[in-house]
Amino acid sequence: MTRMGWSVLVGIAVIAAGIGLASLRVNPYVYFAGYVILQYVVIATAWNILGGYAGYVNFGTPAFFALGAYAAVFLIRSIKAPLPVLIVAGGLVAALLGLGIGYLTLRLRGTFFSIATLALSVVLQTMIINWEYVGGSRGISVLRPSGPPFGSYVTFLFTVMVALAVVAVLAARFIERSWIGRGLAALRDNEEAAECMGVPTLRLKLFATTVSGFFLGVAGAPFPYYVTFVEPNSAFALDYAVNALAMPMIGGTTSWVGPVVGAVLLGTASQVATVTISSELNLLIVGVVLVAFVVLAPEGLVGLVRRLRGR
Amino acid sequence: MANPLLEVDGVVKRFGGFTALNRVTLHVKAGERFGLIGPNGSGKTTLINCVAGSLRADEGRIVFDGTDVTGLPPHRRTRLGIARSFQIPKPFTSMSVLDNLGIPLEYAGHARSEGGGAEAREILKEIGLDAKAHLRPAGLTQIEMRKLELARAMAARPKLLISDEAMAGLSSAEVDDILAILFRLNAQGITIIMIEHIMRAVMRFSQRVVVLDAGERIAEGTPDEIVRNPAVEKAYLGE
């Protein structure tokens, strides 16, 4: 069996395990917290396709996530579209935005690109605040469909997020190991040299921004059904921008494993902190851990393990 | 001699109000060893940036191997057969020396297999870097870094190799080392444009030399003719 075949098999096994866990109907909080952690696996993995592989740091994660969420709100309100449609539509709209910022990379690199993505998030939030149909600044309530599998809608969303995380991680892993991933690594190291060595840098960057945007939107699409009340401040939360960057940095940006490890560790830590200490402390913890890693292990946990193994 | 491999016709490049290249014309024949010299700031690197595609010429035309490449992005030109080394080495720092060669092999050298390991090793052996294949570029010495630049350009399987000051800052023995490599590559049929400040090297290497000064072509000829040309002497030494 091919390497690709094996990883798809492992992915299917993970989804099966998720469904198994859902049908056990343990403490509902497990699914509630698990959803958030898995959502961060998708976000961190998606961010890393652009930020880690191509080296373009995106501070505008909330824009893509919220775009996915609001695309879903719009479709729920207008045509009561089913969840799979919401996910695909949310992903596609965010992918289009990704393609747009891809063209920004023609003129903006490094910090300037990052600032532009941050500005994008602010602009988009302002537009949503002034769009009454999707709730404007007051927000909007969303009714969950009745009769979900596994008894509760959150448990059902948990299994959906397991599947989305598996798809996102498989996609990232495939990109990383293909000629696309090698080309992205070359342009991350030196864009001019990559271009002069035959790498179509613009096309690869557009690919990375589009795919990254797609999965960020996908992560946001089930959000309205998860929270049942969507308002701009929670959809555009700073947490997404910070975590999307911190999780891959902590795990390691050069491999698909990094964002997964970072999201699971940091996601779990902040869930535990929310329950035991306070929800306000979350970002503080993320900040401190991030600074520690940037100073002590700039290549993240993956890099640290490799170094300890002497590779 | 057949048609020229590279034709640069009346190329103009301006940066704001400053004219870096003023209607520069030159033809390089297939298989030729071509030297491009000139004082600092004379436009040599600007010219080869226009040829390789990192800069777009404001006016004029660049034809390579019968194809008008004036409007093509650099990666397309590389695939047609123009490869360059950089004056300040720009290696892919996160990859091993071997993987550095894998990029042009895969993207321009038409070897769509994973990195083309055997081919990359062959090139490294030819250049004399095979012992360092698994090192990161950060672990290389100055001359090894220059050799990596040349090896990586070679991995693009070029018809024309542009060597941008591959010898600057090297010792006399190291200069000979690089020269020997370039002579060998030329013997294999690769046309080479050498941009160099080390006159001993460029005069020994080139069959024909063009001199740029302040963005203008001021002289062309064999190395002997160039050395005796009063305009060249004036450009380098002043009145």
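Two strands count as paired if DSSP finds at least two bridges between them, and strands (E, at least two residues) and helices (H or I, at least four) are DSSP runs numbered from the N terminus. The views below show a predicted model, in which local features need pLDDT of at least 70 and side-chain atom pairs count only at pLDDT 80 or more, while totals for chains, interfaces and linings use all residues. Residues are numbered from 1 along each chain as its sequence is written, chains are lettered from A and ligands numbered from 1 in the order in which they are written, and side-chain values use heavy atoms, with hydrogens and water left out.

**View 1. The six-stranded sheet of chain B is open, with mixed pairing.** Follow the strands in the order β6-β7-β8-β3-β9-β10. At the edges stand β6 (82–85) and β10 (216–221), each with a single partner strand, so one side of each has no neighbour in the sheet. From one strand to the next the twist averages 20° (axes are lines fitted to C-alpha atoms, for helices over the stretch in contact, and angles run from 0 to 180 degrees between N-to-C directions). Helix α5 (residues 142–155) of chain B packs on this sheet and touches β6 and β7 (160–164), its direction making about 170° with that of β6(B). Helix α6 (residues 172–187) of chain B also packs on the sheet, touching β3, β7 and β8 (191–195), at about 150° to the direction of β8(B). Contact here means heavy atoms within 4.5 Å.

**View 2. Strand β3 of chain B has parallel partners in β8(B) and β9(B).** Each pairing runs over 4 bridges, to β8(B) and to β9 (residues 208–213). In β8(B), R33(B) has I192(B) as its bridge partner. On the β9(B) side, F34(B) is bridged to R208(B), and I37(B) stands opposite V211(B). How many residues of β3(B) are buried? The count is 5 of 5, where buried means under 20% relative accessible area, exposed over 50%, and partly exposed in between (1.4 Å probe, protein chains only). R33(B), G35(B) and I37(B) point one way, and F34(B) and L36(B) the other.

**View 3. A four-stranded antiparallel sheet in chain B is open too.** Its order is β2-β1-β4-β5, and the edge strands β2 (18–29) and β5 (67–68) each pair on one side only. Strand β4 (residues 59–64) is joined to β5(B) by 2 bridges, and V63(B) has D68(B) as its bridge partner there. Helix α1 (residues 44–52) of chain B packs on the sheet, touching β1 (4–15), β2 and β4, and its direction makes about 120° with that of β1(B).

**View 4. Helix α3 of chain B (residues 97–107) is mostly covered.** Of its 11 residues, 10 are buried, including N100(B), E106(B) and Y107(B). The cover includes α7 (179–189) and α9 (201–220) of chain A, together with α2 (74–80), α4 (117–127) and α5 of chain B.

**View 5. N58(A) sits in the loop between α2 (28–54) and α3 (61–79) of chain A.** Is this residue buried or exposed? N58(A) counts as buried because its relative accessibility is 3%. Leaving aside neighbours within four places in sequence, its contacts are W47(A), L50(A), F64(A), F113(A), T117(A) and L216(A).
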